[in-house]
Amino acid sequence: MRAAAHAYWRMFVWDIADLRLLLPVLGCVLTLQGAGFVLGIGLFFRHIPETAAVFVATGVPVMNLITAGLIFEPQVVADQRLRGSYDFLWSLPVPRSMMTLAWYTVTLVVALPAMVIALLVAVARYGIDFDVSPAIVPAVLLTSLTGVLIGYAIAHGVTAPMTARLVSISLIFVMFGFSPIVFPASQLPGWLAAVNQWLPFGSMATITRAALVGGEAAGVARGYLVVAAWAVASALVVAWALGRRR
Amino acid sequence: MADDWVFRAVDVTKVYPNGIRANDGISLHVQPGEVYGLLGPNGAGKTTLVKQVIGLLKPTSGRITLGGHDLVADPSAARQLCSYLPQAQVPIDSFRAREAIVLCGRVRGGDRAAVSRRADELIEALGIGEWRDKRGIGLSGGVKRLVGFAMVAVCPGRVVILDEPTNDVDPLRRRLLWDQVRELGNRGLAVLLVTHNVLEAEKAVDRLAVIDGGRLIAEGTPSAMKANDRGSLRLQLMIAPGRDAPPLPPFVRRSTLVGHNLMTVIDDADAQAGIRWAQDAIKGGEAEEYALSATSLEDAYIQLTGHDSEEG
């Protein structure tokens with residue numbers, strides 16, 4: 001246990017040091033994404049309805065968490081594979097689980113400030129009165145973890161770097177355009193709303209929204225189950241991909 | 001106790017899903033303290049073999065053990081007990097040189113003070129002190145390679161695997177690097193050295209194996225490998241572009257033409273006749289220059305593989 005904790009901490013330090021030039025840039029991009037969406041969607045309306053403002057304000061931070069998880073690792077790993085440094089990193093004597101946990105922590109470190117800034121921008125722009133419950137902790141941690149694990153599964157499961165990049169970017173577009181994150185599922189065609197019942201992104205928004213503004217979200221328990229199921233499934237893919245030796 | 005840490009590969013075969021047989025029944029062993037060279041042309045299967053040792057690839061059949069540890073069955077033990085410098089550069093663009101070495105030692109489980117001390121020793125010994133606080137992104141390929149070596153040597157486990165460690169390194173620091181490779185052996189570690197640079201390997205290794213086409217085709221000490229060429233000389237002719245090589249005189253024991261480079265092996269006693277033949281070839285415009293030298297491991301290597309070491 002002690003050895004695992006040491007391995008986790010050293011890998012976290014390694015990741016932070018390795019990405020120190022990139023992390024501030026990524027943090028800025030996520031902040032621009034969050035604040036930009038919060039402010040930009042308001043421009044669609046002369047007077048934004050309160051419900052819409054709440055959906056935007058509570059959905060955009062979820063987009064931050066998902067984007068960080070889905071994009072970051074596949075891009076970094078694709079780069080490592082192209083440069084040939086992937087083998088060196090995975091020859092280090094660190095348990096795969098601790099490497100993944102360290103990466104999850106790095107992703108949180110980058111995504112959480114952007115998420116908080118997006119929420120503050122929403123308060124300033126729309127005057128939303130958040131009613132934050134303690135459930136925000138598990139909701140954010142589970143949402144981020146699932147995003148990271150899906151990103152990890154793509155990064156390590158898809159060995160062709162370009163394909164991994166394309167898959168992760170495609171999922172971001174699915175998140176933006178076809179998932180009920182900044183709008184209610186009822187706005188979607190029936191079939192797409194039904195599909196989203198089983199996809200993780202809408203449920204991530206549901207559980208986070210419920211923790212930010214009580215009473216605005218239904219199906220919270222189901223949301224936790226769906227997101228957790230995706231976390232478990234992704235973790236299994238990650239375990240297979242990292243444990244596999246060609 | 002040292003015998004407990006003998007490295008053994010037994011009948012290792014690796015067949016990729018596309019049917020390519022990268023390793024075919026390779027067996028070898030490396031004692032603690034021994035620097036063991038794996039020589040062979042590009043695509044011979046050397047890198048495939050060492051990637052199986054570190055657990056990045058899995059043998060189709062065969063065993064790889066280190067002392068009582070089965071490295072195939074337990075790749076996490078392999079990563080703990082072996083350190084690996086791959087052929088590609090290590091990912092240190094954001095790190096300062098010394099920081100990368102220290103962090104790697106810490107990730108490998110080394111004690112803070114010991115890692116720090118050893119990092120300074122290696123920086124000094126490899127002659128890279130002037131870059132110790134420079135970021136990797138600004139380092140030349142050769143300095144990066146030396147930092148990479150220090151990263152795997154700082155807290156190395158029991159076996160150090162070096163895949164073409166001298167790539168891009170300048171001649172002066174190559175010598176320092178070879179000294180440190182020997183030093184790893186002196187510290188009781190087994191060193192598996194993958195290279196196609198036969199001339200350098202000859203000075204650095206205790207024993208070596210020549211791999212070609214996935215098979216181990218020869219094994220022994222450098223002197224044993226050269227034994228067939230005792231009393232012989234190498235006569236090398238640079239053939240003029242666009243001209244055919246001159247006909248070989250009967251005293252040439254064997255020859256190999258690689259590009260414009262005709263390498264022959266002759267007896268000591270035929271040195272004068274060889275020089276006359278080479279000078280005639282130059283006068284006749286068939287050759288541009290010649291060189292007569294003592295035979296080296298490279299001549300044995302060329303005989304075994306049909307490649308010269310520059311060709312890889």
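I took helices (H or I, at least four residues) and strands (E, at least two) as DSSP runs, numbered from the N terminus.

**Basis.** I worked on a predicted model, in which local features need pLDDT of at least 70 and side-chain atom pairs count only at pLDDT 80 or more, while totals for chains, interfaces and linings use all residues. Residues are numbered from 1 along each chain as its sequence is written, chains are lettered from A and ligands numbered from 1 in the order in which they are written, and side-chain values use heavy atoms, with hydrogens and water left out.

**Helix 3 of chain B.** I looked up the burial of residues 97-107 and noted that 10 of the 11 are buried (under 20% relative accessible area; exposed is over 50%, partly exposed in between; 1.4 Å probe, protein chains only). Among the buried residues are B:Arg98, B:Ile101, B:Leu103 and B:Arg106. They pack against helix 1 (2-18) and helix 4 (86-89) of chain A, and against helix 4 (112-125) and helix 5 (141-153) of chain B, with contact meaning heavy atoms within 4.5 Å.

**Salt bridges.** B:Asp24 is bridged to B:Arg21 at 3.5 Å between the closest N and O atoms, and to B:Arg215 at 2.9 Å. The latter pair joins strand 2 (residues 21-30) to strand 10 (residues 215-220) of chain B, 191 residues apart. I recorded B:Arg215 as partly exposed, at 45% relative accessibility. B:Arg207 and B:Glu34 form another salt bridge, at 2.6 Å; B:Arg207 is buried at 14%, and B:Glu34 is buried at 11%. A network of salt bridges links A:Asp79, A:Arg83, B:Asp93 and B:Lys144.

**Sheet in chain B.** I traced an open, antiparallel sheet of 4 strands in the order 12-13-11-14, where strands pair if DSSP finds at least two bridges between them. Strand 12 (254-258) and strand 14 (287-294) are its edges. Strand 11 (residues 232-239) pairs with strand 14 over 7 bridges, and B:Met238 has B:Glu289 as its bridge partner in strand 14. Helix 9 (residues 271-283) lies across strands 11, 13 and 14, at about 160° to strand 14; axes are lines fitted to C-alpha atoms, for helices over the stretch in contact, and angles run from 0 to 180 degrees between N-to-C directions.

Terms used: A salt bridge is a side-chain nitrogen of Lys or Arg within 4 Å of a carboxyl oxygen of Asp or Glu.
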